[in-house]
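Biologist: I have a chain open here and would like to go through it with you. Can we start with the rings?

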Amino acid sequence: MERNTTPLNSVFWISATAVTFLVIWGVVDAAGLSQLANRAYDKVADAFGWFYLISVLVIVLFCAGLAISKYGRIKLGRDDEKPKYSYFAWIGMLFSCGFGAGLVFWGIAEPMNHFAQSPIGAEGLTPEAGRLAMQYSFFNWGVHQWSVFTIVSLSLAYMQFRKKEKGMISDTLDPLIGKQKKMSLRKTINTLAVITTVLGVATSLGMGILQINGGLNYVFQVPQNTTILLVIVLGLLALYLLSTLTGLDKGIKFLSILNMCLAIGMIAVVLFLGPTTFIFEAFALGVGDYVQNFFSMSLGMSPYDGNSWSKAWTVGYWAWVIAWSPFVGAFIARISRGRTIREFVFGVLVVPPFIAVVWIAVFGGTAIHMDLFQGTNIAGAVQQDVTSALFATFGNFPMSTALSVIFLLLIVTFLVTSADSAAFVLAMMTSDGNQNPSNLLKAVWGVLMAAIVAVLINSSGLQGLQTASLIAALPFSIILLLMGVSLLKTIKADERMGFAVEEDGAVYETETMPRKEQKEKAYQLVEVRSVVEARQVLPKK
């Protein structure tokens, strides 16, 4: 198996230095970093919130249009290539490395936040507020979020498996900036991708660790203090190092399938024990509201009344997913070889959002029903401590302790999978796109992420670093749009090719073939310098 003999390239050193500087700042002056980052993000969100919303909507429409177009049948790989992973394992891996941990954290907390403080002016803690809470939670976790991952992963997969490029973020822009040109720009793009990935993953791991400690405190009265948090960090580090060192086909795949089975099992249990009819009705109504208000929510700014909800939630979410997109996109691309563009877009853009919507309907809907009709105060508990949302809800169920323990296990496995996937992708991005990076480099990034989380939790600097990662999303949103232009330009250029080359070097001339076969062969791409050279190596019939 090919390994990179010099993994620590300039992208590694520059990004590691930048992240180290931010972490030291967060330790020495956590309040100063947080204050400055919040001011900077407020200015970015105020000035460019509209740009985030328009950009993500354009990406949604682009991905959907590409899937239903004639290009949807192009395979990400050779035309005869089959996917390596089963559909269930593939969905499990892309969902787990994406926002599985985030969804567990916010699946109840977000709708209860909107239920208590309605997005568009409805009185809090009312049936109308409950309906709007489901509608906007569905929107924030729907296709918009996953469209960002789709455009990055699709561009990377096409360049890796059709064009035989290394799989760096900068490689997706070859048609626009020229292959092997503008090296300084390429290094800047790749370094920015690594920095945003480290910051985004580290802060998300930090939130998950706080939720684990909150759950242990709620269920077992384990104290919430720095010592317990550091013990949790070390435990997670040991688990995800074990997973990442066992390889993609064992550790990550096994955990992803376990995550999906646990998640489906918990959905079934809450559906059975909870307000089943209410959940189904809330799901149907919420989907209807989501579809009916799709475009108004997609562009939901408030220039006339100064409502800051969109900036605080939707713009913040879009910045968050853009900051995560290099990592999630690179990982999804790595596991998606052999699928058609249409199958890929459906699997990434539709299936995970559907799971997210079902999850929110089941758990968020249950919590809203309890507050509305059973006199509980889950919304109040969430306002006091957002990490307690899940466990405050389970406190009203039979077998509440058992359910809470299973959910703690699910949080752990989601966090381990995310950290495992991130270590793999960071090693890949800092070893010139090596698809099989060394275990040493994966371990280095795993330890660095754990160290970042540990020092930031200890210094209360997590909030500042999280906000800093959102600011980095602005330049990356421009890169995402350019990725779409570059991908479409590449596909159209490949369609016009008069010949195509198989991976083994055999070249086929397509002009003399029937039109249908000609099109199929034209989708096989490996670069050849000229048609003349191609004909010289043409296999004899």
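Biologist: Trp-106 and Trp-313, buried or exposed?

Modeller: Both Trp-106 and Trp-313 are buried, where buried means under 20% relative accessible area, exposed over 50% and partly exposed in between, with a 1.4 Å probe and protein chains only. This is a predicted model, in which local features need pLDDT of at least 70, side-chain atom pairs count only at pLDDT 80 or more, and totals for chains, interfaces and linings use all residues. Residues are numbered from 1 along each chain as its sequence is written, and side-chain values use heavy atoms, with hydrogens and water left out.

Biologist: How many aromatic pairs in the whole structure?

Modeller: The search finds 26. Rings of Phe, Tyr and Trp (its six-membered ring) pair if their centres lie within 6.5 Å; planes under 30 degrees apart count as stacked, over 60 as edge-to-face and the rest as tilted. Trp-106 and Trp-313 form an edge-to-face pair, 5.8 Å centre to centre with 80 degrees between the planes.

Biologist: What does that pair tie together?

Modeller: Trp-106 lies in helix α4 (residues 100–116) and Trp-313 in helix α13 (residues 309–334), so the pair ties together parts 207 residues apart in sequence. Helices (H or I, at least four residues) and strands (E, at least two) are DSSP runs, numbered from the N terminus.

Biologist: Which cluster are they in?

Modeller: Ring pairs link Phe-105, Trp-106, Trp-141, Trp-313, Tyr-317 and Trp-320.

Biologist: New topic. How many residues of α3 are buried?

Modeller: In helix α3 (residues 87–97), 9 of the 11 residues are buried, including Trp-90 and Phe-95.

Biologist: And how much of the chain counts as buried?

Modeller: 60% of its 541 residues.
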